[in-house]
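Student: I'm new to this one. Can you walk me through how to read it?

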Amino acid sequence: MKCRELAEFLMDYVSGELPEENRAHFEFHLSRCRNCHEYLAQYESTVKAGRIACGELSDELPADIPEDLVKAVLAARKL
Ligand SMILES: [Zn+2]
């Protein structure tokens, strides 16, 4: 799997919809590629920030999400 392919599977992976076989390739690449590892971490915190912005996670506002990121997600949703 190449980095570009990993990016394509990212959404399915995060939502748990990636088939077992692809998942194995995905995680194998992830364990060896620092770029993709960081990309995934960034993606996950963005998704989380999006949920907070929607009020889904209002009970647990984590301190590790930068306010700028939340604002960026909110701004993106208005487009
Ligand atoms: Zn990669």
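Tutor: Buried residues make up 9% of the 79 residues in the protein; a residue is buried if 20 or more other C-beta atoms, placed from the backbone, lie within 10 Å of its own. Bear in mind that this is a predicted model, where local features need pLDDT of at least 70, side-chain atom pairs count only at pLDDT 80 or more, and totals for chains, interfaces and linings use all residues. Residues are numbered from 1 along each chain as its sequence is written.

Student: How many helices and strands are there in the protein?

Tutor: Helices (H or I, at least four residues) and strands (E, at least two) are DSSP runs, numbered from the N terminus. Here you get four helices and zero strands, in the order α-α-α-α along the sequence.

Student: What do the end C-alpha atoms of H3 say about its span?

Tutor: The expected span of a helix is 1.5 Å times one less than its number of residues. For the 21 residues of H3 that gives 30 Å, and its end C-alpha atoms are 30 Å apart, so the two agree.

Student: Which residues of H3 are buried?

Tutor: They are Cys36, Ala49, Ile52 and Ala53. Their cover includes H1, helix H2 (20–32) and H4.

Student: At what angle do H3 and H4 pack?

Tutor: Two packed helices are described by the angle between their axes and the distance between the axes. Axes are lines fitted to C-alpha atoms, for helices over the stretch in contact, and angles run from 0 to 180 degrees between N-to-C directions. Helix H3 (residues 34–54) and H4 pack at about 70°, with axes 9 Å apart. That's why they count as roughly perpendicular (angles of 65 to 115 degrees).

Student: Which residues of H3 and H4 meet?

Tutor: Two residues are in contact if their C-beta atoms, placed from the backbone, lie within 7 Å. On the H3 side, look for Ser45, Thr46, Ala49, Gly50, Ile52 and Ala53; in H4, they meet Leu69, Val70, Val73, Leu74 and Arg77.

Student: And is H4 largely in the open or buried?

Tutor: Of its twelve residues the number buried is one, so H4 lies largely in the open.

Student: How far apart are the axes of H1 and H3?

Tutor: Helix H1 (residues 3–15) and H3 have axes 11 Å apart, at an angle of about 30°. The contact involves Cys3, Leu6, Leu10 and Val14 of H1, with Asn35, Cys36, Leu40, Tyr43, Glu44 and Val47 of H3.

Technical notes. Angles under 35 degrees count as roughly parallel, over 145 as roughly antiparallel, 65 to 115 as roughly perpendicular and the rest as oblique.
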